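This report describes the nonpolar cores and the aromatic rings of one protein. Please look over the sequence and the model before reading on.

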Amino acid sequence: METILTINNLTKKFGYLTAVKDLSFTINKGNVYGILGPNGSGKSTTLGVVLNVVNKTHGDFHWFDGQTSTHDALKKVGAIIERPNFYPYMSAYQNLKLVCKIKGVDYSKIDEKLEVVGLLDRKDSKFKTYSLGMKQRLAIASALLNDPEILILDEPTNGLDPQGIHQIRSLIKQIASDGTTILLASHLLDEVEKVCSHVVVLRKGEKLYSGRVDEMISSHGFFELKAEKSSQLKAFLESNSKFGNITEEEDLITAFLNEPMDATAFNKLMFEKGIVLSHLVKRKESLEEQFLQLTDKN
C-alpha cells in the first residue's frame, strides 16, 4: 500500500508545555484519517508541523517515499488549517483565479472544482454574500485546485449549522471516493464515526489509539446488570478476567467484556453462583463509549 505520510516519535514543546509527545502513525493512500481529541490535545500542532508552519522539537516525519523534500511534497498537498480567507468584494471565481496564479494552476480547473463543491451556480457571487458553509466549501475547492494527493482539514465543520455540517461531510466522502486521501482533525466523535475509515486518538499530545474506526468499535460490548446481591455481583465481575472496566451508577452495574459472551451464558453462570439478576441487557459500544474508556484508562 502506498504511503502518503509517516510520522515517527514526533514531539513539539512550547516552553514548558509539551503539545505533542512521541507521536507515531502512518497514513496510507486512499483512506480518510481522523485525528480525534478534545481541544488542546495536539491535533492542530501535529498538522502544523507536517505542513511546515510549526517547527518540531524532536522526532521526524516524511512525505510519500521519504525521498521528496517537504517543500516539493507540499505541492501535492491541499490544506485548510484556518478560517477561509478570501477577498470579500471579489467573486468566488476571481478569488480562485488568484489562488491559481499562486499555485501555478490553469484557470480551467476553477469550474471543475466549483462543480465538485456544489458552487458552480454561485461562481460570480461575491464572497461576502456566502454563508459559512459555502465559504468552507469554497476553501475546499481552493485546496483541490492543484489536484492534491492528500487533503488536510482542521475542524472542517466548526461553527456550521446542521445543514452546513451535512454538506461538508457528504463532500468529504465524495472527494475520498474519487481517490483523494483525507486527513482531518476533529473533536467530534460523531464526525469521525461517520466520515473516517481510520482514527488516531490524542489526549494531551499523546496517542491513545491508532487504527481502523470499525476495529475500534468492534469490541465485545457490555452488560447492564442489576441484582439484589449487587456487592457480590460486583466482586465476581472484578475478579474475573473476562470483564474489563466495571462501573456502578445508582443500582445499575455496567460491565465491559474482554472476550465474547452472550447474555444467556452469563445468566446461567450467575445462577450457578447464587446471584439472581433482576436486570440483564447486552449492548454494543458506540465510538463515544470506546473513546471514554480509552481516556479514562490513561
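Does Phe266 count as buried or exposed? At 0% relative accessibility, Phe266 counts as buried. Buried means under 20% relative accessible area, exposed over 50%, and partly exposed in between, with a 1.4 Å probe and protein chains only.

The model is predicted, so local features need pLDDT of at least 70 and side-chain atom pairs count only at pLDDT 80 or more, while totals for chains, interfaces and linings use all residues. Residues are numbered from 1 along each chain as its sequence is written, and side-chain values use heavy atoms, with hydrogens and water left out.

**The whole protein**

The protein has 11 helices and 13 strands. Helices (H or I, at least four residues) and strands (E, at least two) are DSSP runs, numbered from the N terminus. Of its 298 residues, 46% count as buried. The C-alpha atoms fill a box of roughly 75 × 45 × 35 Å along the principal axes.

**The nonpolar cores**

In soluble globular proteins, nonpolar side chains tend to be buried together. A nonpolar core is here a set of buried Ala, Val, Leu, Ile, Met, Phe, Trp, Tyr and Cys residues joined through side-chain atoms within 4.5 Å. The largest one has 44 residues, and Leu138, Ile140 and Ile182 touch the most other members. Helix 5 (residues 132-144) supplies the largest share of this core, seven residues. Leaving aside residues up to four places away in sequence, Ile140 touches Ile80, Val117, Leu151, Leu153, Ile168, Leu171 and Ile175; contact means heavy atoms within 4.5 Å. A second, separate core has 26 residues, including Ile7, Phe25, Ala73 and Ile152.

**The aromatic rings**

Rings of Phe, Tyr and Trp (its six-membered ring) pair if their centres lie within 6.5 Å; planes under 30 degrees apart count as stacked, over 60 as edge-to-face and the rest as tilted. By this rule there are six aromatic pairs. Phe243 and Phe266 form an edge-to-face pair, because their ring centres are 5.6 Å apart and their planes stand at 70°. Phe243 lies in strand 11 (residues 243-249) and Phe266 in helix 10 (residues 263-272), so the pair ties together parts 23 residues apart in sequence.

Two lysines lie over ring faces, as the table shows. A charge sits over a ring if NZ of Lys or CZ of Arg is within 6 Å of the ring centre and within 35 degrees of the ring normal.

| Lysine | Ring | Distance from ring centre |
|---|---|---|
| Lys76 | Phe64 | 4.4 Å |
| Lys135 | Phe127 | 5.2 Å |
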